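Please read them beside the coordinates.

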Amino acid sequence: MGKDAWWKNKVAYQIYPRSFRDSNGDGIGDLNGITEKLDYLQSLGVDLVWLSPVYRSPMDDGGYDISDYEDINPMFGSMKDMDRLIAEAKKRGIRLLMDLVVNHCSDEHPWFQKALREPNSEEAGYFWFVRSGDAPPNNWASMFGGSAWEPVGDGRWYMHLFSKKQPDLNWENPKLRRKIYEMIRFWLDKGLGGFRIDAITHIKKMPGLPSGPAERPGGLVGCHAYTRCIDGIGEFLTELRKETFDRYECITVAEAAGVPPHQLKDYVGEDGYFSTMFDFSYAEPYNYGRGWHTAKGPGEWDFRAWRDSIYLSQTETQKIGRGAVFLENHDYPRACQKFVPAKDHSPAVQKMLGQLFFYLYGIPFIYQGQELGLDNPHFQSIDQMDDISTKNHYRIAMEDGLSPEEALPLICRYSRDNARTPFPWDNTEYGGFCASGTKPWLWAEPADPKANVLQESSEPDSVLNFYKEMIAIRKSETYGPTVVDGFFKPILKRYDKLIAYTRTGDRNLAVVCSLSDRSRFVRLPFLPKKVIQRSCAGESFRGQTLKLLPYQSLLMEF
Ligand code: NOJ
Ligand code: CA
């Protein structure tokens, strides 16, 4: 579906609504705040905007716990505000994507409430209730810590792969599926551009719900092998597509962790379940294992393995469809923290990381603040943090014998809250996030107070202007067709700490990114004609030999 789809040359942007812009001064970002800033998004040149969930929710997991799929959380505004946002965005050539969270809902959803009250109700069948006395039905672990089962006091347990306030929906039940399809059509009828689809590879559970070999404290086993990309999931996904997305002009972007390369075709091929998908195979090279406190830092993990996973994802995907490429989202720290040692962080490094991802084959998704080159803010204590996953990893660190002082900096590096602090618009207090000087719902001292929209707009060399330029290049008549459709091929593989590829089509383009802290020579497999865009000045050429500065990257034509 992706090869020649209407959205193939678009650029997407992800908003975390709670932290984008607070229009009414209550310290919480909202829909009207987004509407207020649509001109900013238009000035960037983005065409699609994905909103993390804004549905009614008790916000146990930042809104990924939905208690009413057809209503807006009052903290974000009203349905009228949403309709206005959709319309105002459209006027600017921007289409909105909502987050579709249908692997689970909230325990405060009326369905679940009724299921608790009436074990024989239709709604009870929407969930995974199992009678199993005093012990959970199996030893699966929840992704947010502890067992994936919670007792309700009458001998029944329910499954929750995420928090216990996020009961999993039972997709085996056709009545539940019909409800979900109706809800999706309700939104698409409003003229939505489509959906980013949460945790969708988890909707099928292994038949029989078997226990696995104990591998964690408490005898638990990670749930992925039993609940991710399980055989038979395709039947649900095909039906989902036919009953909903196929009937509209929309784009669907699946959060599809765990899809093996040989199944990519089913997901994003010509007749795939989705338009496109995020591939997480190269998102966590530090492979944190049991907890963030044991995760390796940049420079400590296997660079070549990481790089090869990017290359593999690219070469496999371009054979069959088009992936959604990203560097950051609301579930990760800022990308520079993942990939570059802290001592080396700079705006030029941010630009290098930008080039590295932006010119890959696929549709690019920019996460709010990435275009400003934001680094992790400075959290001083666990009390300043909100994220459920962060609290879980902090607890695991303690269980492993770390003191709070030891645990905090380790947890802070990978905390999801790093990307969830308010977006900085200007130099005033709290970055001008709130309409008044109110304290925002989440706050930590920014790494660099000068990294904000106002300041960077006035500096020609800013990361912000660099991102605008990348978007303009992708849209230009000269290079656009090649950036969008050009063939991806990795080059210079024998060099360590180097990510380099060509994109060839109408034109011949090459991207070379050094992740080394030293200057270096590389021998190019072509004779360069021109440098189109550079992360910083100072490279030199002699024939096919290129001298790069530390962390320098170039987009070249040859
Ligand atoms: C993935 C979302 O991106 C994340 O924020 C959330 O916690 C889980 N899915 C559960 O919905
Ligand atoms: Ca507000």
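1. A polar contact here is a pair of N or O atoms within 3.5 Å; within protein, one atom must be able to donate a hydrogen and the other to accept it. By that rule, 19 residue pairs are in polar contact across the interface of domain 1 and domain 3, both residues at pLDDT 80 or more. Keep in mind that the model is predicted.

2. Interface area. About 2,300 Å² is buried between domain 1 and domain 3, and carbon and sulfur atoms give 59% of that. On the domain 1 side, Phe303, Tyr311 and Tyr359 lose the most area to domain 3. Together they make up 27% of what that side buries.

3. Charges and elements. Two salt bridges are counted between domain 1 and domain 3. The side chains of Arg304 and Asp496 form a salt bridge, with N to O at 3.7 Å.

4. Calcium site. Which residues are the protein donors of the calcium ion (ligand 2)? They are Asp22 (OD), Asn24 (OD1), Asp26 (OD), Ile28 (O) and Asp30 (OD), at 2.2 to 2.4 Å from the ion. Their spacing in sequence is D-x1-N-x1-D-x1-I-x1-D. Asp26 is partly exposed, at 37% relative accessibility. Ile28 has a relative accessible area of 17%, so it counts as buried.

5. Asn376. This residue sits in the loop between strand 13 (363-367) and helix 12 (388-399). Asn376 counts as buried because its relative accessible area is 6%, under the 20% cut-off. Its side chain reaches the backbone nitrogen of Arg334 at 3.0 Å and the backbone oxygen of Arg413 at 3.2 Å. Beyond four places in sequence, Asn376 touches several residues, including Pro333, Gln337, Cys412, Asn418 and Ala447.

6. Ser163. Is Ser163 buried or exposed? Ser163 is buried, at 7% relative accessible area. Its place is the loop between strand 8 (156-159) and helix 5 (174-188). The Ser163 side chain reaches the backbone nitrogen of Lys165 at 3.0 Å. Leaving out residues up to four places away in sequence, Ser163 touches Asp60, Phe144 and Ile388.

Conventions
Residues numbered from 1 in each chain as written. Chains lettered and ligands numbered in written order. Predicted model: local features only at pLDDT ≥ 70, side-chain atom pairs only at ≥ 80, totals over all residues. Heavy atoms only, no water. Helix = DSSP H or I, 4+ residues; strand = E, 2+ residues; numbered from the N terminus. Buried < 20%, exposed > 50% of the residue type's maximum accessible area, 1.4 Å probe, protein only. Contact = heavy atoms within 4.5 Å. Donors = N, O, S within 2.8 Å, 3.2 Å for Na, K, Ca; no water. Buried area = accessible area lost by both parts, 1.4 Å probe. Salt bridge = Lys/Arg side-chain N within 4 Å of Asp/Glu carboxyl O.
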